[in-house]
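Thanks for coming. I have one structure to go through today, so please look at it on the screen while I talk.

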Amino acid sequence: MAEIKVPELAESITEGTIAQWVKKVGDHVEKGEFIVELETDKVNAEIISEEAGVLTQILAEEGDTVLVGQVIAVVEAGEGAAPAPAEEAPKAEATPVAAAPTPAPAATPVVEETSNERVVASPAARKLAREKGIDLASISPVDPQGRVRVQDVAAHGTAPVAAPAAPVVSTNGPIVFTPAAESDRVTIEKMSRRRQTIAKRLLEVKQSTAMLTTFNEIDMTNIMALRKRKQEEFVKANDIKLGFMSFFTKAVVAALKKYPYVNAQIVGDEIHLNNFFDIGIAVSTEEGLVVPVVRDANSKNFAEIEKDIAELAKKARDKKLGLNDMAGGSFTITNGGVFGSLMSTPIMNGTQAGILGMHSIVNRPVAVNGEVEIRPMMYVALSYDHRIIDGKDSVGFLKTVKELIENPEDLLLNS
């Protein structure tokens, strides 16, 4: 017999949520086969079976919170499918009987399975309900999807059901209404572990830094012309398209070298100036924004940066990012322009001192050599920690990025 335990993923991760069971009770599993997906506050991890055999027990349901080291399943040696123990018919207790043609009824009431079978419930919940003689249909589950869990069965009948909250009407102010349960007017959706972590960390950044944002605009004419002129040649040579992100990454690295405090962080009462250039690239996924890191961007060419970004973005959307893919970035770039954002104030990532926000490219009238021309323009924003970075450096940093993007050939000399 082999116990499947929640593995240690990182020192800071102590628990996770069961996201999906790939195997079910009775399925045969091979050694090293992926059987359950665990969602943590940082990454999704695939837990494998260390032994071949039959999955005989699942001890944690999808959506349950589990701790590192906790046993969540059992695999036993065997080849065929094992019957699901939760569906066995209840057995009556042994009772002395008189000399009569029929046996006496069991002392404990038996729940009719016909009604229970229509209720969605975990195997453990069904077993406990049978033991307690409780009809599953009479239980009000906490799960918004209506799945009855063992906790619901255990709590059944021990506490009164709270009445729905009613609107509170005040003669001195507006009506306040607090919904108590899901209805046709309100849909309740539990926050995923990832979304809870994102919310917590963004709030921490807002509360623990002196964040300011400065803006500028970039004329994208030259970089768009260069991409158009070199795209076919670049694709043939590198098997990947030349995008804007590699240009902005190279421009950011050059600007960080010029303004090193933008590439720093506060640790206690010290300022740590980073002598490396690991640039985080924000990627949108179904679970929220994640920021994988392009390592040593200063030593990579355009093709290497584009390939790194494409690979990290694919891993993010496939939920394959590892902890090492997101740890240790020194500065972040986020591109709200892909969703149509014209201007925003991005929030810094973790303990970093700055983040660059890119936005939509929009044709606008601008003054060029005393004449008005229509040019493709992009607003850019630098959010920064004013505890480390003065206004002069923040404006200078953003101005450097602007000048390098508007004159992309200079990137070869400055990045």
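A polar contact, as I use the term, is a pair of N or O atoms within 3.5 Å; inside protein, one atom must be able to donate a hydrogen and the other to accept it. Keep in mind as well that this is a predicted model.

The side chain of Asp-64 reaches the backbone nitrogen of Glu-61 at 2.8 Å. Asp-64 sits in the loop between S6 and strand S7, residues 65-67. Is Asp-64 buried or exposed? Its relative accessible area is 15%, so Asp-64 counts as buried, the cut-off for buried being under 20%.

Take the one with S7 to begin with. It is an open sheet of four strands in the order S5-S4-S2-S7, and the pairing is antiparallel. At its edges are strand S5, residues 44-48, and S7, each of which pairs on one side only. On average, neighbouring strands of this sheet are turned by 45° against each other, direction ignored. Which residue of S7 is the bridge partner of Glu-15? That is Leu-67. The pairing in question is between strand S2, residues 15-21, and S7, antiparallel over three bridges.

S6 belongs to another open sheet, again with four strands, ordered S1-S8-S6-S3 and paired antiparallel. Strand S1, at 2-5, and strand S3, at 28-29, stand at the edges with a single partner strand each, so one side of each has no neighbour in the sheet. Inside that order, strand S6, residues 53-58, pairs with strand S8, residues 71-76, in the antiparallel sense over four bridges.

As a reminder, strands of a sheet pair through backbone hydrogen bonds, either parallel or antiparallel.

How many bridges join S19 to strand S9? Nine bridges join S19 to S9, residues 211-219, and the two run antiparallel. On the S19 side, Tyr-384 is the bridge partner of Leu-212. Tyr-384 is also the bridge partner of Gly-354. Gly-354 belongs to strand S17, residues 354-358, which runs antiparallel to S19 and is joined to it by four bridges.

S19 has a further pairing, with strand S18, residues 361-368, antiparallel over eight bridges. Here Ile-361 stands opposite Met-378 in S19. S18 and S19 form a hairpin with two residues between them. What is the phi of Asn-369, in the loop between S18 and S19? Phi of Asn-369 is near 55°, a positive value in a residue other than glycine. Asn-369 has 80% relative accessibility and therefore counts as exposed, since the cut-off for exposed is over 50%.

On to the helices. Helix H7 covers residues 302-317, which is 16 residues. From its first C-alpha to its last, H7 reaches 23 Å, close to the 22 Å expected at 1.5 Å a residue. At the start of H7, a side-chain oxygen of Asn-301 comes to within 3.2 Å of the backbone nitrogen of Ala-303. Ala-303 is itself buried, as are Phe-302, Ile-305, Glu-306 and Asp-308. Further on in H7, the buried residues include Ile-309, Leu-312, Ala-313 and Ala-316.

What follows H7? Lys-319 does, with a positive phi near 60°, although Lys-319 is not a glycine. Lys-319 lies in the loop between H7 and helix H8, residues 323-326. With 32% relative accessibility, Lys-319 counts as partly exposed.

The last item is how H7 meets another helix. Two packed helices are described by the angle between their axes and the distance between the axes. For helix H6, residues 244-258, and H7, the axes come within 9 Å and cross at roughly 115°. That makes H6 roughly perpendicular to H7, because angles of 65 to 115 degrees count as roughly perpendicular. The crossing of H6 and H7 is right-handed.

That is the tour, and I will stop there for questions.

Notes. Residues numbered from 1 in each chain as written. Predicted model: local features only at pLDDT ≥ 70, side-chain atom pairs only at ≥ 80, totals over all residues. Heavy atoms only, no water. Expected span 1.5 Å × (residues − 1). Buried < 20%, exposed > 50% of the residue type's maximum accessible area, 1.4 Å probe, protein only. Pairing = 2+ DSSP bridges. Axes fitted to C-alpha atoms, helices over the stretch in contact; angles between N-to-C directions. Parallel < 35°, antiparallel > 145°, perpendicular 65-115°, else oblique. Left-handed = near helix turned anticlockwise from the far one by under 90°.
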